[in-house]
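Thanks for coming. I have one structure to go through today, so please keep it in view while I talk.

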Amino acid sequence: MEWKIFNWRIECFDGCGKKAGLVDFLEVSPQVYDIVHTEVSEAMRGRGLAGQLVDKAAEEIKDRGVHLVKTCSCSYAAQHLEKDG
């Protein structure tokens with residue numbers, strides 16, 4: 001997998017260069033971010049990619065020295081982060 005990190009989005013590409021998934025996160029108040037959307041291509045579903053995207057976004061937010069909201073707007077991200085602690 002190849003990962004590309006942008007200001008408010010992380011995209012993941014498969015070995016052929018096709019977009020496999022993405023996660024969007026926004027600054028909702030100074031120094032606080034929210035994961036608002038996670039999307040995985042139909043061909044890549046069921047492989048744990050959505051969880052990897054959420055983890056990558058949480059890591060990127062932490063690396064920026066800012067905080068993640070306690071409950072994300074994206075229901076998948078909220079459940080994933082709650083489950084994985």
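Y33 counts as buried, at 7% relative accessibility; buried means under 20% relative accessible area, exposed over 50% and partly exposed in between, with a 1.4 Å probe and protein chains only. Before going on: this is a predicted model, where local features need pLDDT of at least 70, side-chain atom pairs count only at pLDDT 80 or more, and totals for chains, interfaces and linings use all residues. Residues are numbered from 1 along each chain as its sequence is written, and side-chain values use heavy atoms, with hydrogens and water left out.

Back to Y33. Which residue forms an aromatic pair with Y33? It is F25, in a tilted arrangement with 6.2 Å centre to centre and 50 degrees between the planes. For the criteria, rings of Phe, Tyr and Trp (its six-membered ring) pair if their centres lie within 6.5 Å; planes under 30 degrees apart are stacked, over 60 edge-to-face, and the rest tilted. F25 is buried too, with a relative accessible area of 0%. The structure holds two aromatic pairs, and ring pairs link W8, F25 and Y33 into a cluster. One further ring to look at is F13: K4 lies over its face, 5.1 Å from the ring centre. That call requires NZ of Lys or CZ of Arg within 6 Å of the ring centre and within 35 degrees of the ring normal.

Next, the sheet. Five strands make an open sheet in the order 1-2-3-4-5, with mixed pairing. Helices (H or I, at least four residues) and strands (E, at least two) are DSSP runs, numbered from the N terminus, and two strands pair if DSSP finds at least two bridges between them. At the edges are strand 1 (2–5) and strand 5 (67–68), each pairing on one side only. Strand 4, residues 32–40, runs parallel to strand 5 and is joined to strand 5 by two bridges. V32 has H67 as its bridge partner in strand 5.

Helix 1, residues 49–63, packs on this sheet and touches strand 1, strand 2 (9–13), strand 3 (19–29), strand 4 and strand 5. Its direction makes about 155 degrees with that of strand 4. Axes here are lines fitted to C-alpha atoms, for helices over the stretch in contact, and angles run from 0 to 180 degrees between N-to-C directions.

Now the core. A nonpolar core is a set of buried Ala, Val, Leu, Ile, Met, Phe, Trp, Tyr and Cys residues joined through side-chain atoms within 4.5 Å. The largest one has 20 residues, and F25, I35 and L49 have the most contacts inside it. Helix 1 gives the most to this core, with six residues. Setting aside neighbours within four places in sequence, L49 is in contact (heavy atoms within 4.5 Å) with W3, C12, A20, G21, V40 and M44.

Last, helix 2, residues 75–84, where H80 is found. Is H80 buried or exposed? H80 is buried, with a relative accessible area of 7%. Apart from neighbours within four places in sequence, H80 is in contact with G51, V54 and D55. A77 and A78 are also buried in helix 2, and the cover over the buried residues of this helix includes strand 4 and helix 1.

C74 sits in the loop between strand 5 and helix 2 and counts as buried at 8% relative accessibility. Beyond neighbours within four places in sequence, C74 is in contact with I35, V36, H37 and T38.
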